[in-house]
Amino acid sequence: MIEGNEVVVRGNPGLLRIMLRNLIENAVNHTPSGTVVQTNVANEQGAGCLSVSDNGPGIPEQEREKVMERFYRPLGTQASGSGLGLSIVKQIAEIHAAALRIVSPDVGNGLRVEVIFSAPNAKKP
Ligand SMILES: Nc1ncnc2c1ncn2[C@@H]1O[C@H](COP(=O)(O)OP(=O)(O)OP(=O)(O)O)[C@@H](O)[C@H]1O
Ligand SMILES: [Mg+2]
């Protein structure tokens, strides 16, 4: 639903909290200390877009689909973990009919994970 420049996203607060926590924990745990982590919510042409970005080492493009699978951790991953966080994020995105994208930040190194909520009530152009 769009109200002025706002996008109202309807969802399950507990699940959305788990999703955001996983993304922020990843950005903190899989990057060196001193890394800048940013979270952002925006109205992207009527769709709600939630993103978590960091300027850490990022994930090579060829690994980005695989890290969304359960238990997959790229070789050389140092921080402890089970490899489940992003698969949970993906499931929660799906429950909300949202798209999950792992991309490079607009500037510099690092990672940006975007969750784009569809805009069923958005006016078609
Ligand atoms: N922000 C990030 N920067 C660099 N690598 C990342 C980032 N987020 C995730 N990764 C890589 O993707 C892998 C999978 O992430 P995922 O959250 O699924 O599992 P995990 O963090 O290893 O374990 P868990 O979340 O279950 O504790 C991580 O092991 C890490 O190699
Ligand atoms: Mg994780």
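This is a predicted model: local features need pLDDT of at least 70, side-chain atom pairs count only at pLDDT 80 or more; totals for chains, interfaces and linings use all residues.
**Entry 1: His-96**

I started at a backbone atom: the nitrogen of Asn-12 is 3.0 Å from a polar side-chain atom of His-96. I count a polar contact as a pair of N or O atoms within 3.5 Å; within protein, one must be able to donate a hydrogen and the other to accept it, and residues adjacent in sequence count only if both atoms are side-chain atoms. His-96 sits in the loop between α2 and β5. My helices (H or I, at least four residues) and strands (E, at least two) are DSSP runs, numbered from the N terminus. Buried or exposed, I asked of His-96? It counts as buried, at 13% relative accessibility. For that word I use under 20% relative accessible area, with exposed over 50% and partly exposed in between (1.4 Å probe, protein chains only).

**Housekeeping**

Residues are numbered from 1 along each chain as its sequence is written, chains are lettered from A and ligands numbered from 1 in the order in which they are written, and side-chain values use heavy atoms, with hydrogens and water left out.

**Entry 2: ligand 1**

Next I looked at what surrounds ligand 1. I found 18 residues around it, the closest being Asn-26, His-30, Arg-73, Thr-77 and Leu-86. A residue is near a molecule or strand here if one of its heavy atoms lies within 4 Å of it. By class, the shell has 8 nonpolar, 8 polar and 2 charged residues. In that scheme Ala, Val, Leu, Ile, Met, Phe, Trp, Tyr, Cys and Pro are nonpolar, Asp, Glu, Lys and Arg are charged, and the others, Gly among them, are polar.

Which side chains have an N or O atom 2.8 Å or 2.7 Å from a ligand oxygen? For His-30 I read 2.8 Å to an oxygen atom of ligand 1, and for Arg-73 I read 2.7 Å. Gly-83 comes in through its backbone, where a polar atom is 3.0 Å from a ligand oxygen. Taken alone, ligand 1 exposes 600 Å², and the protein buries 88% of that. Those areas come from the Shrake-Rupley method with a 1.4 Å probe; for residues, only the protein chains shown count as cover.

I also checked where ligand 1 sits, and it is in the largest pocket. A pocket, on a 1 Å grid over the protein atoms alone, is an open set of points where a 1.4 Å probe fits, with protein on both sides within 12 Å along at least five of seven lines. "Sits in" needs more than half of the molecule's atoms within 2 Å of the grid points. The elements giving two or more residues to the shell are α1 (13-29) and α2 (85-95).

**Entry 3: positive phi**

Most residues other than glycine have a negative phi. Phe-71 has a phi near 70°, a positive value. Phe-71 is in the loop between β4 and α2 and counts as exposed at 54% relative accessibility. Ala-97 has a positive phi too, near 55°. I placed Ala-97 in the loop between α2 and β5 (98-103), and it is exposed at 52%.

The C-alpha atoms of Asn-55 and Val-107 are 9.1 Å apart, for 52 residues along the chain.

**Entry 4: Arg-112**

Last stop was strand β6 (residues 111-117), which holds Arg-112. How accessible is Arg-112, buried or exposed? Arg-112 is buried, at 16% relative accessible area. The side chain of Arg-112 makes a polar contact of 2.7 Å with the side chain of Glu-114.

Technical notes
On a 1 Å grid over the protein atoms alone, a cavity is a set of points where a 1.4 Å probe fits but cannot get out, and a pocket is an open set with protein on both sides within 12 Å along at least five of seven lines; lining residues have an atom within 4 Å of a point.
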